[in-house]
Amino acid sequence: TKPVKELSSVAEKMSNMDFSVKYSGHDRSEIGLLGHSINKMSDKLEQNISELKAANIQLQRDIELKDKAEEMRSEFLSNVSHELKTPLTSISGYAELMENNLVDAENITNFARAIHQNADRLLTLINDIIRLSELDAIPQVPEFEELDLYKIAQNCVQLLQVNAQNHNVRILL
């Protein structure tokens with residue numbers, strides 16, 4: 001009964017996920033063949049469990065990346081909503097002042113220019129959003145373009161100038 005007890009002990013340890021213990025018998029009897037099969041099963045189970053653990057770790061990483069991407073997408077949508085709302089509010093405000101004849105003739109050109117600039121800003125934002133959605137659909141190499149930061153800063157100052165003056169704030173570039 002010694003080989004049967006040894007097989008029983010090996011099986012018990014395997015059931016507790018300890019695959020280090022192997023059946024040591026080398027005879028060609030039925031018990032020896034069974035012990036050899038249990039050793040092979042133990043090795044295979046250990047390998048499969050190891051692969052499952054690695055796959056589980058990778059799955060956890062993928063889930064974390066997906067969650068982070070979803071968080072970034074949500075933040076992006078929030079920012080886009082704000083960025084779209086700002087020029088629309090300006091366009092609406094300037095147009096309403098012009099519609100109600102609350103602008104003197106010499107400022108109509110400035111208001112029309114502000115409306116035009118904000119409309120251009122909206123178009124740029126919308127085109128950027130379209131390009132981003134295309135990037136999601138087809139993986140591409142990013143395109144780089146040169147930007148005139150001074151011109152962008154001037155544009156920002158122009159967009160904020162009316163609000164700044166209303167709040168007695170002076171913007172210097």
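Visitor: Is Lys22 buried, partly exposed or exposed, and what is its relative accessibility?
Guide: This is a predicted model. In it, Lys22 has a relative accessibility of 29% and therefore counts as partly exposed, since that class lies between the limits of 20% and 50%.

Visitor: Which residue forms a salt bridge with Lys22?
Guide: The partner of Lys22 is Asp43, and their closest N and O atoms are 2.6 Å apart.

Visitor: Where do the two sit in the chain?
Guide: Asp43 belongs to helix H2, whereas Lys22 lies in the loop between helix H1 (2-15) and H2. The two are 21 residues apart, and the pair links distant parts of the chain.

Visitor: How many salt bridges does the structure hold?
Guide: There are two. Besides the Asp43 and Lys22 pair, Glu83 and Arg121 form a salt bridge, with an N to O distance of 2.8 Å.

Visitor: Which helices does that one link?
Guide: Glu83 is in helix H2 and Arg121 in helix H3, 38 residues apart, so this pair too links distant parts of the chain.

Visitor: What about the accessibility of Glu83 and Arg121?
Guide: Glu83 has 30% relative accessibility and so counts as partly exposed. Arg121, at 23%, is likewise partly exposed.

Visitor: Changing topic: how many aromatic pairs are there?
Guide: The count comes to one aromatic pair. The rings belong to Tyr94 and Phe111, with their centres 4.9 Å apart.

Visitor: Why is the pair edge-to-face?
Guide: The ring planes of Tyr94 and Phe111 stand at 70 degrees, and an angle over 60 counts as edge-to-face.

Visitor: Where are these two residues in the chain?
Guide: Tyr94 is in helix H2 and Phe111 in helix H3 (residues 105-137). They are 17 residues apart, and the pair links distant parts of the chain.

Visitor: Are Tyr94 and Phe111 buried or exposed?
Guide: Both Tyr94 and Phe111 are buried.

Visitor: Now the surface: which residues form the negative patch?
Guide: The negative surface patch is formed by Glu64, Asp67, Glu70, Glu71 and Glu75.

Visitor: Take Glu70. Where is it, and what is its relative accessible area?
Guide: Glu70 lies in helix H2, which covers residues 30-99. Its relative accessible area is 46%, so Glu70 is partly exposed.

Note on methods
Residues numbered from 1 in each chain as written. Predicted model: local features only at pLDDT ≥ 70, side-chain atom pairs only at ≥ 80, totals over all residues. Heavy atoms only, no water. Patch = residues over 30% accessible without salt bridge, like charges linked within 9 Å, V, L, I, M, F, W, Y side chains within 5 Å. Areas by Shrake-Rupley, 256 points an atom, 1.4 Å probe, with all protein chains shown as cover. Salt bridge = Lys/Arg side-chain N within 4 Å of Asp/Glu carboxyl O. Lys, Arg positive; Asp, Glu negative; His and termini not counted. Charge placed at Lys NZ, Arg CZ, Asp CG, Glu CD. Helix = DSSP H or I, 4+ residues; strand = E, 2+ residues; numbered from the N terminus. Buried < 20%, exposed > 50% of the residue type's maximum accessible area, 1.4 Å probe, protein only. Phe/Tyr/Trp six-rings, centres within 6.5 Å; stacked < 30°, edge-to-face > 60°.
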